[in-house]
Amino acid sequence: MKNKEDQTPAIQVLERMFSLLDVLASHQDPVSLKEISASTGLHPSTAHRILNDLTLGRFVDRPEAGSYRLGMRMLELGNLVKARLDVRDAALGPMRELHKFTLQPVNLSVRQGDEIVYIERTYSERSGMQVVRAVGGRAPLHLTSVGKLFLASDDPQRVRAYATRTGLAGHTRNSLTDITALERELALVRQRGVSRDDEELELGVRCMAAGIYDDQAKLIAGLSISAPADRLEESWLQRLKDTVAQISLALGYRG
């Protein structure tokens, strides 16, 4: 069995390798060995030796003598990681924690065409609210808090095209069925970074939602808290924002 002293060189090499990769990742263009050495504090011969090994593994490319950049193997591995990242898997734990905090249903939804689809939900009987739309259920974009997030990310022409296609049909007396009113609402969503459903889909139910973003800064899902109209608390808003930020970070979003 190797002792602690035997393990130290391997750990040091890994630390040096990570520092080299970090320097290359911070530059779009190839970086000279001299600059890499200066940035990492490694002797040029040490940096050169490690970079050569990384080049053999295709983690680093050497477009010309004395300069280096990240290699295609990094892209291949990155794509594998990205493909395995599932928004539901990333969201489930944080959703449960948010539910424990609010004791109200927490919903994860994505956009499909002109509707949102509920893909996960955490709730308990203690919420005092009947869950009408189960996982797999759908609802129009303009009547839901998460749907408004997606509409707010569209340009004005696409929003108007949506209004024309759907006719902005309402479900309750609070539903936004007028394009001007909807556009005002979407402007507020863009300004605040969160959205609301004020008994627009179901009477007696209010919601607040915030968006989840991927590594390309694309809105891919929304997380909402649903509650009886008289129980939705403004104090939950910051916790909701923190939760979507945590999920987005797990999906590679760096803001």
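Close-up 1. Cys207 is found in strand 8, residues 205-213, where helices (H or I, at least four residues) and strands (E, at least two) are DSSP runs numbered from the N terminus. At 9% relative accessibility Cys207 counts as buried, a term that means under 20% relative accessible area, with exposed over 50% and partly exposed in between (1.4 Å probe, protein chains only). Leaving aside residues up to four places away in sequence, Cys207 touches Ser145, Ser195, Arg196, Asp197, Ile225, Ser226 and Leu232, contact being heavy atoms within 4.5 Å. Ser195 is 12 residues from Cys207 along the chain, and their C-alpha atoms are separated by 8.3 Å. Residues are numbered from 1 along each chain as its sequence is written. In this predicted model, local features need pLDDT of at least 70, side-chain atom pairs count only at pLDDT 80 or more, and totals for chains, interfaces and linings use all residues, while side-chain values use heavy atoms, with hydrogens and water left out.

**Close-up 2. Ser226 and its side-chain partner Asn107.** Ser226, placed in strand 9 (residues 219-228), is buried, with a relative accessible area of 8%. A polar contact of 2.8 Å joins its side chain to that of Asn107; such a contact is a pair of N or O atoms within 3.5 Å, and within protein one must be able to donate a hydrogen and the other to accept it, residues adjacent in sequence counting only if both atoms are side-chain atoms.

Close-up 3. Three bridges join strand 2 to strand 3 (residues 67-70), and Glu64 stands opposite Ser67 in strand 3.

Terms used. Two strands pair if DSSP finds at least two bridges between them.
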